[in-house]
Amino acid sequence: MGAYNYKISEYAHSTKITNYSKPIYTDQKKEKRSQLSETERTPEMIKHSLQTSLNRTKNTIYELSKSNDWEYFITFTFDPKKYDSTDYDTVTALLKRFIDRTRKTRAQDLIYMIVPEFHADGKKYHFHGLLANTGDIKMVSSGKLDNDGNDIYNIPSWNYGFSTATKIKDTVRASAYITKYITKECVQHTKYKKRYYASRNIKRPEITYINSATTLEEVISTYSPDTIKSLEMGGALNRVTYMEIDD
């Protein structure tokens with residue numbers, strides 16, 4: 001198709017309609033990335049690049065997470081006596097080792113979305129994640145409850161430090177919550193590195209592009225008001241409006 005002004009994204013429990021005030025042309029050439037060196041880039045350019053990268057990462061995590069039903073929310077930390085959790089390459093290698101071992105021995109159909117959190121101390125990392133199809137992954141009660149009164153479990157097979165897992169009651173809320181761990185500081189300190197880990201079998205949103213003269217107001221009128229959550233983001237050249245509809 002040559003152009004579109006509506007993008008329809010179907011998630012596990014909701015639909016997002018993105019409306020552009022001006023059509024997006026699919027044959028438009030993408031802007032070439034700046035060839036300037038780090039020393040030649042202005043503070044404004046660096047700030048803009050950082051924000052763009054942050055938005056892109058958060059959006060990808062959000063899109064993937066919202067497309068799945070999740071069972072557990074997990075946190076993985078590292079034993080400082082054994083591992084250097086300030087080294088991103090080290091902690092991600094340990095995470096991948098755990099995932100590979102788990103899929104081979106306990107849950108071959110495991111679905112996951114795991115993201116790093118950069119500590120407030122500006123040095124260390126740990127991970128948070130969403131799991132589904134957990135198979136034979138052993139969960140042991142810690143005897144404690146979280147702030148919402150949910151049982152907190154530990155995962156003995158995570159032998160690199162401390163672990164927690166809580167059963168997810170609201171998968172939509174959990175999917176949105178996971179994006180909060182990706183911050184500007186995290187993006188800045190993980191430049192040119194992966195900022196999230198998603199399984200190959202993770203479900204992705206079904207996306208449809210439409211070029212239609214139908215106005216956004218007409219689209220909205222076809223839905224029940226109490227199912228609509230909308231957020232309009234400005235832009236002088238092309239206003240973009242996001243409208244999310246709960247199933």
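**Figure 1. Salt bridges in the predicted model.** The structure holds four salt bridges, and the model in which they are found is a predicted one. Three of these pairs are shown in the close-up views that follow.

**Figure 2. Close-up of the salt bridge between Glu63 and Lys16.** The closest N and O atoms of Glu63 and Lys16 are 3.2 Å apart.

**Figure 3. Close-up of the salt bridge between Asp89 and Lys193.** In this pair, the closest N and O atoms of Asp89 and Lys193 lie 3.1 Å apart. The pair connects distant parts of the chain, with Asp89 in helix 2 and Lys193 in the loop between helix 4 (184-189) and strand 9 (197-198), 104 residues apart. Asp89 is partly exposed, its relative accessible area being 44%, and Lys193 also counts as partly exposed, at 35% relative accessibility.

**Figure 4. Close-up of the salt bridge between Asp121 and Lys124.** The side chains of Asp121 and Lys124 meet with an N to O distance of 2.3 Å. Asp121 counts as partly exposed at 35% relative accessibility, and Lys124, with a relative accessible area of 29%, is likewise partly exposed.

**Figure 5. Close-up of the aromatic pair Phe118 and Tyr125.** The structure holds 16 aromatic pairs. In one of them, the rings of Phe118 and Tyr125 have centres 4.9 Å apart and planes at 40°, and the pair is therefore tilted. Phe118 is buried, with a relative accessible area of 11%, and Tyr125 is buried as well, with a relative accessible area of 5%.

Figure 6. Trp158 and Tyr160 form an edge-to-face pair, with 5.1 Å from centre to centre and 85° between the planes. Trp158 counts as buried at 2% relative accessibility, and Tyr160 counts as buried at 5%. Both residues belong to one aromatic cluster, which is formed by Phe76, Phe78, Tyr83, Phe98, Phe127, Trp158 and Tyr160.

**Figure 7. Close-up of the surroundings of Thr102.** Thr102 lies in helix 2, which spans residues 88-105, and is buried, with a relative accessible area of 3%. When residues up to four places away in sequence are not counted, Thr102 touches Ala107, Leu110 and Ile137.

Conventions
Residues are numbered from 1 along each chain as its sequence is written. This is a predicted model: local features need pLDDT of at least 70, side-chain atom pairs count only at pLDDT 80 or more; totals for chains, interfaces and linings use all residues. Side-chain values use heavy atoms; hydrogens and water are left out. Helices (H or I, at least four residues) and strands (E, at least two) are DSSP runs, numbered from the N terminus. Buried means under 20% relative accessible area, exposed over 50%, partly exposed in between (1.4 Å probe, protein chains only). Contact means heavy atoms within 4.5 Å. Rings of Phe, Tyr and Trp (its six-membered ring) pair if their centres lie within 6.5 Å; planes under 30 degrees apart count as stacked, over 60 as edge-to-face and the rest as tilted.
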